[in-house]
Amino acid sequence: MITYKKMEDIEEISQMATDLFIAAYQETLERDHMEYMLDMFFNKNNVIKNITDGYNYEYIIRDNVICGYIAYIFHEDYLYLSKLYLKPEYKGQNIASDVIEYLTQFNLPIRLNVNRYNYHAKHVYEKNGFKPIKELVTDIGSGFVMDDFIMEKEVNKTI
(Lines give C-alpha, C1' and ligand atoms only; values in the text may rest on other atoms or scores of the structure.)
Protein backbone atom coordinates (compact mmCIF):
# COMPACT_ATOMS: atom_id res chain seq x y z
CA MET A 1 0.00 0.00 0.00
CA ILE A 2 1.28 3.42 -0.91
CA THR A 3 0.28 6.58 0.89
CA TYR A 4 1.02 10.21 0.13
CA LYS A 5 1.83 13.04 2.48
CA LYS A 6 2.23 16.68 1.58
CA MET A 7 5.84 17.81 1.73
CA GLU A 8 6.20 21.07 3.61
CA ASP A 9 9.84 21.28 4.70
CA ILE A 10 11.55 23.26 1.91
CA GLU A 11 15.03 22.18 3.00
CA GLU A 12 14.04 18.51 2.98
CA ILE A 13 12.31 18.81 -0.41
CA SER A 14 15.37 20.46 -1.93
CA GLN A 15 17.77 17.86 -0.52
CA MET A 16 15.62 14.90 -1.54
CA ALA A 17 15.13 16.38 -5.01
CA THR A 18 18.87 16.85 -5.39
CA ASP A 19 19.73 13.32 -4.22
CA LEU A 20 17.13 11.60 -6.38
CA PHE A 21 17.90 13.72 -9.47
CA ILE A 22 21.57 12.73 -9.23
CA ALA A 23 20.64 9.06 -8.83
CA ALA A 24 18.30 9.24 -11.83
CA TYR A 25 20.58 11.11 -14.24
CA GLN A 26 24.17 10.32 -13.25
CA GLU A 27 24.51 7.97 -16.24
CA THR A 28 22.50 10.11 -18.68
CA LEU A 29 23.83 13.65 -18.22
CA GLU A 30 27.36 15.02 -18.08
CA ARG A 31 28.36 16.18 -14.58
CA ASP A 32 28.46 19.90 -15.47
CA HIS A 33 25.03 19.68 -17.13
CA MET A 34 23.62 17.91 -14.08
CA GLU A 35 25.13 20.46 -11.67
CA TYR A 36 23.72 23.33 -13.74
CA MET A 37 20.23 21.78 -13.69
CA LEU A 38 20.46 21.06 -9.96
CA ASP A 39 21.29 24.67 -9.25
CA MET A 40 18.60 25.92 -11.63
CA PHE A 41 15.68 23.65 -10.72
CA PHE A 42 16.23 22.05 -7.33
CA ASN A 43 17.55 24.80 -5.09
CA LYS A 44 15.42 26.01 -2.18
CA ASN A 45 14.38 29.23 -3.94
CA ASN A 46 13.04 27.30 -6.93
CA VAL A 47 11.10 24.93 -4.66
CA ILE A 48 9.59 27.92 -2.84
CA LYS A 49 8.65 29.50 -6.19
CA ASN A 50 7.06 26.25 -7.37
CA ILE A 51 4.97 25.94 -4.21
CA THR A 52 3.96 29.62 -4.47
CA ASP A 53 2.95 28.97 -8.10
CA GLY A 54 0.66 26.12 -7.02
CA TYR A 55 2.77 22.98 -7.29
CA ASN A 56 1.90 20.15 -4.91
CA TYR A 57 4.84 18.22 -3.46
CA GLU A 58 4.05 14.87 -1.88
CA TYR A 59 6.10 12.07 -0.40
CA ILE A 60 5.55 8.59 -1.76
CA ILE A 61 5.38 6.34 1.30
CA ARG A 62 5.35 2.54 1.33
CA ASP A 63 5.31 0.57 4.58
CA ASN A 64 5.92 3.80 6.54
CA VAL A 65 9.14 4.49 4.60
CA ILE A 66 9.59 7.45 2.25
CA CYS A 67 10.60 5.95 -1.08
CA GLY A 68 10.36 9.06 -3.27
CA TYR A 69 8.31 12.10 -4.09
CA ILE A 70 6.11 13.68 -6.72
CA ALA A 71 5.40 17.26 -7.72
CA TYR A 72 2.43 18.24 -9.85
CA ILE A 73 0.28 21.23 -10.73
CA PHE A 74 -3.24 21.56 -12.05
CA HIS A 75 -3.86 23.36 -15.32
CA GLU A 76 -7.30 24.11 -16.68
CA ASP A 77 -7.55 20.99 -18.81
CA TYR A 78 -4.76 18.69 -17.58
CA LEU A 79 -2.55 17.78 -14.63
CA TYR A 80 1.15 18.37 -15.21
CA LEU A 81 3.39 15.83 -13.45
CA SER A 82 6.59 17.79 -12.98
CA LYS A 83 8.52 15.26 -10.92
CA LEU A 84 8.27 11.59 -10.05
CA TYR A 85 11.46 10.42 -8.40
CA LEU A 86 12.05 7.18 -6.53
CA LYS A 87 15.00 6.10 -4.45
CA PRO A 88 16.99 3.55 -6.48
CA GLU A 89 16.14 0.65 -4.17
CA TYR A 90 12.41 1.17 -4.84
CA LYS A 91 12.57 1.15 -8.63
CA GLY A 92 11.10 -1.87 -10.39
CA GLN A 93 8.40 -2.43 -7.76
CA ASN A 94 5.47 -0.89 -9.71
CA ILE A 95 5.48 2.17 -7.48
CA ALA A 96 5.48 4.53 -10.48
CA SER A 97 2.38 2.71 -11.78
CA ASP A 98 0.70 3.15 -8.40
CA VAL A 99 1.57 6.86 -8.43
CA ILE A 100 0.08 7.31 -11.89
CA GLU A 101 -3.06 5.49 -10.76
CA TYR A 102 -3.23 7.84 -7.75
CA LEU A 103 -3.06 10.86 -10.07
CA THR A 104 -5.94 9.58 -12.24
CA GLN A 105 -8.32 10.32 -9.35
CA PHE A 106 -8.32 13.95 -10.48
CA ASN A 107 -10.04 12.98 -13.76
CA LEU A 108 -7.71 15.05 -15.92
CA PRO A 109 -5.31 14.00 -18.64
CA ILE A 110 -1.81 13.75 -17.20
CA ARG A 111 1.12 15.37 -19.03
CA LEU A 112 4.82 15.22 -18.31
CA ASN A 113 8.20 15.80 -19.87
CA VAL A 114 10.66 12.91 -20.01
CA ASN A 115 14.27 13.15 -21.10
CA ARG A 116 14.60 11.64 -24.56
CA TYR A 117 17.51 9.47 -23.35
CA ASN A 118 15.88 8.28 -20.13
CA TYR A 119 14.77 5.05 -21.78
CA HIS A 120 13.70 3.40 -18.56
CA ALA A 121 11.36 6.24 -17.54
CA LYS A 122 9.93 6.53 -21.06
CA HIS A 123 9.21 2.79 -21.04
CA VAL A 124 7.52 3.01 -17.62
CA TYR A 125 5.29 5.85 -18.80
CA GLU A 126 4.40 4.07 -22.05
CA LYS A 127 3.55 0.92 -20.06
CA ASN A 128 1.14 3.10 -18.06
CA GLY A 129 -0.69 4.48 -21.09
CA PHE A 130 1.31 7.62 -21.87
CA LYS A 131 1.92 8.52 -25.48
CA PRO A 132 4.46 11.00 -26.86
CA ILE A 133 2.59 14.05 -28.19
CA LYS A 134 5.52 16.37 -28.94
CA GLU A 135 9.30 16.60 -29.00
CA LEU A 136 10.75 19.58 -27.18
CA VAL A 137 14.30 20.93 -27.01
CA THR A 138 14.53 23.73 -24.43
CA ASP A 139 17.54 26.00 -24.14
CA ILE A 140 18.14 26.37 -20.39
CA GLY A 141 21.18 28.62 -20.70
CA SER A 142 24.95 28.27 -20.45
CA GLY A 143 24.99 26.07 -23.55
CA PHE A 144 22.72 23.39 -22.03
CA VAL A 145 19.42 22.08 -23.32
CA MET A 146 16.71 19.77 -22.08
CA ASP A 147 15.89 17.29 -24.85
CA ASP A 148 12.47 15.90 -23.95
CA PHE A 149 9.36 14.16 -25.12
CA ILE A 150 6.11 15.60 -23.85
CA MET A 151 3.90 12.63 -23.03
CA GLU A 152 0.22 12.46 -22.14
CA LYS A 153 -2.09 9.91 -20.62
CA GLU A 154 -5.78 10.25 -21.27
CA VAL A 155 -7.90 9.54 -18.22
CA ASN A 156 -11.39 8.08 -18.34
CA LYS A 157 -13.50 10.70 -16.62
CA THR A 158 -16.12 9.57 -14.19
CA ILE A 159 -19.38 11.43 -13.97
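1. A helix crossing is called left-handed if the near helix is turned anticlockwise from the far one by less than a right angle, and right-handed if clockwise. Here, α1 passes α2 in a right-handed crossing. Their contact (heavy atoms within 4.5 Å) involves T18, F21, I22 and Y25 from α1, together with R31, M34, M37 and L38 from α2. These residues comprise six nonpolar, one polar and one charged (Ala, Val, Leu, Ile, Met, Phe, Trp, Tyr, Cys and Pro count as nonpolar, Asp, Glu, Lys and Arg as charged, and the others, Gly among them, as polar).

2. A word on the model: it is predicted, with local features needing pLDDT of at least 70 and side-chain atom pairs pLDDT 80 or more, while totals for chains, interfaces and linings use all residues. Residues are numbered from 1 along each chain as its sequence is written, and side-chain values use heavy atoms, leaving out hydrogens and water.

3. Now have a look at H33, which lies in helix α2 (residues 31-41); helices are DSSP runs of H or I, at least four residues, numbered from the N terminus. H33 counts as buried because its relative accessibility is 12% (buried means under 20% relative accessible area, exposed over 50%, partly exposed in between, with a 1.4 Å probe and protein chains only). Leaving aside residues up to four places away in sequence, H33 touches I140, F144 and V145.

4. Finally, visit E30, in the loop between α1 and α2. E30 has 59% relative accessibility and so counts as exposed. Its C-alpha atom is separated by 18 Å from that of H120, 90 residues apart along the chain.

How values were computed:
Helix = DSSP H or I, 4+ residues; strand = E, 2+ residues; numbered from the N terminus.
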